[in-house]
2 protein chains.
Amino acid sequence: MSRPKNDTFLRALLRQPTDYTPVWLMRQAGRYLPEYRETRKRAGSFLDLCKNPSLACEVTLQPLARYNLDAAILFSDILTVPDAMGLGLYFSEGEGPRFERPLKEEWEIRNLAVPDPNLELGYVMDAVSEIRRALDGSVPLIGFSGSPWTLACYMVEGGGSDDYRKIKTLLYTRPDLLHHILDITAQAVTAYLNAQIEAGAQAVMIFDSWGGVLAHDAYKTFSLAYMRRILAGLIREKDGERVPAIVFTKGGGLWLEDIAASGTDAVGLDWTVDIGAARRQVGDRVALQGNLDPSVLFGSPEAVAEEARRVLDAFGPHPGHVFNLGHGISLHTPPDNVSVLVQTVHAHSRALRQQAE
Amino acid sequence: MSRPKNDTFLRALLRQPTDYTPVWLMRQAGRYLPEYRETRKRAGSFLDLCKNPSLACEVTLQPLARYNLDAAILFSDILTVPDAMGLGLYFSEGEGPRFERPLKEEWEIRNLAVPDPNLELGYVMDAVSEIRRALDGSVPLIGFSGSPWTLACYMVEGGGSDDYRKIKTLLYTRPDLLHHILDITAQAVTAYLNAQIEAGAQAVMIFDSWGGVLAHDAYKTFSLAYMRRILAGLIREKDGERVPAIVFTKGGGLWLEDIAASGTDAVGLDWTVDIGAARRQVGDRVALQGNLDPSVLFGSPEAVAEEARRVLDAFGPHPGHVFNLGHGISLHTPPDNVSVLVQTVHAHSRALRQQAE
């Protein structure tokens with residue numbers, strides 16, 4: 001009996017009818033919440049928090065206590081996999097994630113190995129199990145990973161980048177080496193997501209945060225091809241239930257057709273996409289997740305409600321929409337605006353369905 | 001007699017047949033050239049260089065001395081207009097452009113006034129005249145401005161931004177004030193571009209560098225609508241010759257149809273767009289400019305040639321293509337790769353046309 005009491009999110013991902021449009025928010029457990037900042041203080045560093053299953057569980061549940069969200073997402077970082085490969089993840093204040101040992105030499109690339117997710121990443125699996133127990137069948141739990149391309153960006157650049165000069169130089173001088181990194185990383189991500197599913201994740205999401213910096217042909221070759229390979233290797237049924245997958249390429253709106261044909265159940269959309277046009281393009285082949293501009297949450301409560309209704313109206317009363325932001329929630333978000341958002345999504349999407357009947 | 005000896009660029013913008021595909025590069029006069037760095041050292045600051053017509057002329061011509069480029073572009077900055085409005089443009093090392101007096105209060109916004117381009121921006125007109133004289137009818141000169149939305153981003157944020165929080169907060173709390181900024185700025189840009197045309201610019205380009213951070217509806221309302229207004233107010237014929245306009249929204253590939261219908265002669269495309277698909281979408285309604293990933297120039301000469309051919313092949317042998325990068329050239333570009341690029345574009349596009357005959 002693994003289906004949660006509120007299975008609206010899972011049903012929407014599988015394009016089944018729901019009474020209302022489910023909503024969750026990328027980075028919903030995060031710094032905009034005072035209770036998160038409290039726990040984080042107790043944990044020490046961000047990475048200490050990720051690596052402590054009971055604190056990771058605590059922060060995962062915090063937004064669910066405040067808001068009527070339809071899914072929980074594992075609290076973790078997208079860079080745990082390269083960390084487990086030995087690159088030494090750390091977070092420097094104001095600079096975001098960095099690696100102590102980025103990939104610089106050919107031999108370092110040749111030496112990359114697929115980590116055992118139940119050993120090197122056992123802390124993540126412990127968190128997944130603990131969160132599932134704590135959720136007690138209320139809402140589904142989403143597991144996730146970074147995409148191979150996005151992980152490779154950090155592994156080669158050593159951190160965030162403005163121009164992705166190192167990895168693009170590699171791409172346009174030694175594509176063979178880049179393919180090797182992506183191949184190993186895709187194997188690692190497949191094993192990692194499958195271990196999360198075994199530990200209790202009821203849906204999985206691949207965050208391709210940096211796919212949008214690639215030229216369109218390069219996107220297909222160096223990002224989408226490897227996500228497709230992961231999707232083909234995922235456990236898709238667990239305890240008799242389908243485990244849906246979501247692919248989100250930020251800046252990938254132009255490639256919607258290709259992403260929709262990748263073997264994913266759902267495609268995440270950023271806010272530059274007209275979700276109504278996207279829905280007309282993909283029909284009911286995949287579900288769509290998104291796509292409110294996170295900056296709308298800096299606006300007045302009226303603007304939040306209006307812009308949320310605009311997204312719902314654009315998608316229409318069809319099955320197959322999971323409401324979300326088009327990117328992670330900002331730490332500057334007033335928490336009360338999130339209440340307005342969640343309430344509006346639920347109320348307006350119910351009303352839309354009633355009008356359509 | 002204002003038509004230059006090499007009018008390939010102007011003909012391509014007007015979708016007239018040309019023997020080969022013309023090429024120029026955004027930011028072609030810039031820090032990747034050692035001779036530019038020399039002149040810059042003599043000038044003092046970047047802004048001193050922009051404000052000195054004879055040095056601005058000198059650097060404008062530098063890439064033309066090295067490469068067989070088909071157009072010159074005025075050396076200037078996109079932020080001269082808000083500087084002329086009194087915001088106090090300066091450049092801090094490593095931080096990019098900043099304003100001393102960004103727009104913070106309603107009264108500051110209400111006080112904005114349209115500068116007289118021949119007074120406050122006379123140094124730009126002097127540079128345009130001097131460059132035209134120096135070009136001596138060899139290749140056409142492109143004038144340019146930032147788009148109202150892009151200028152407003154800097155005017156409100158006070159500089160570059162990761163999340164555009166200030167301007168988006170304004171957008172979602174006080175859209176009336178943002179519209180006021182955009183209205184005044186659009187009037188200013190129209191007058192500024194018309195003054196450049198009067199001074200000798202033979203084509204003009206509007207750089208909407210930050211349009212791509214807007215949600216799709218907001219893009220139409222807060223960026224495209226104001227560019228459309230500028231296009232409607234531009235001088236479109238001078239000395240019996242059409243003065244073509246190019247609109248470039250970075251990250252605007254999803255909005256190609258709307259941009260193509262804005263009244264522009266040509267649309268600039270960044271490298272995420274498949275230029276072949278774009279050409280099929282717009283047909284011969286507008287010319288297309290672009291769209292090589294500037295990072296390709298970090299690659300091997302073979303990769304540069306291959307990727308350039310890929311863009312040309314995708315567009316096909318039709319009239320109406322101006323080859324360019326999908327964004328400004330990086331300061332880390334090896335100058336020799338630019339030679340390879342320009343030569344490849346000319347040779348391969350000639351060969352394509354011969355095959356098509």
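A residue counts as buried here if 20 or more other C-beta atoms lie within 10 Å of its own. With that cut-off in hand, welcome to a set of close-ups of this predicted model.

**View 1. Strand β5 of chain A is mostly covered.** This strand spans residues 203-208, and six of its six residues are buried. Follow the side chains and you will find A:A203, A:M205 and A:F207 pointing one way from β5(A). A:V204, A:I206 and A:D208 point the other way, and all are buried.

**View 2. β5(A) pairs with β4(A) and with β8(A).** Strand β4 of chain A, residues 141-146, runs parallel to β5(A), and the two share five bridges. To place this pairing, look for A:S145, whose bridge partner in β5(A) is A:I206. Strand β8 of chain A, residues 245-249, also pairs with β5(A) in the parallel sense, over five bridges. Here A:V204 is a handy landmark: its bridge partner in β8(A) is A:A245.

**View 3. Seven strands of chain B form an open sheet.** Strands of a sheet pair through backbone hydrogen bonds, either parallel or antiparallel. In this sheet the pairing is parallel, and the strand order is β1-β4-β5-β8-β9-β10-β11. Which strands stand at the edges? They are β1 (72-73) and β11 (321-325) of chain B, each with a single partner strand, so one side of each is left without a neighbour in the sheet. Within the sheet, β9(B), residues 266-268, and β10(B), residues 287-292, pair in the parallel sense over three bridges.

**View 4. Helix α8 of chain A is mostly covered.** The helix covers residues 148-157, and ten of its ten residues are buried. Among them are A:P148, A:W149, A:C153 and A:Y154, as well as the charged-class residue A:E157. Just after the helix, A:G158 takes a positive phi of about 85 degrees.

**View 5. Helices α2 and α4 of chain A meet.** The axes of α2(A), residues 34-43, and α4(A), residues 53-66, come within 10 Å and cross at roughly 170 degrees. Angles over 145 degrees count as roughly antiparallel, so that is how α2(A) lies relative to α4(A). From α2(A), the contact is made by A:E35, A:Y36, A:T39 and A:A43. Facing them from α4(A) are A:L55, A:E58, A:V59 and A:Q62. By class, this contact has four nonpolar, two polar and two charged residues.

**View 6. Chains A and B are related by a rotation of 180 degrees.** With 0.0 Å of shift along the axis, this rotation superposes chain A on chain B at an RMSD of 0.0 Å. That is the relation of a two-fold axis. Which residue of chain A comes closest to the rotation axis? It is A:L254, with its C-alpha at 3.1 Å.

**View 7. Chain A touches chain B.** In this interface, 28 residues of chain A are in contact with 28 residues of chain B. On the side of chain A, the elements that give two or more residues are α9 (165-173), α11 (216-233) and α14 (301-315). The largest share, five residues, comes from α9(A). By class, this side has nine nonpolar, twelve polar and seven charged residues. Of the interface residues of chain A, 100% are also interface residues in chain B, so the copies meet through the same surface.

Definitions and conventions:
Residues numbered from 1 in each chain as written. Chains lettered and ligands numbered in written order. Predicted model: local features only at pLDDT ≥ 70, side-chain atom pairs only at ≥ 80, totals over all residues. Axes fitted to C-alpha atoms, helices over the stretch in contact; angles between N-to-C directions. Helix = DSSP H or I, 4+ residues; strand = E, 2+ residues; numbered from the N terminus. Parallel < 35°, antiparallel > 145°, perpendicular 65-115°, else oblique. Contact = placed C-beta atoms within 7 Å. Least-squares fit on C-alpha atoms with pLDDT ≥ 70 in both. Buried ≥ 20, exposed ≤ 12 C-beta atoms within 10 Å, placed from the backbone. Pairing = 2+ DSSP bridges.
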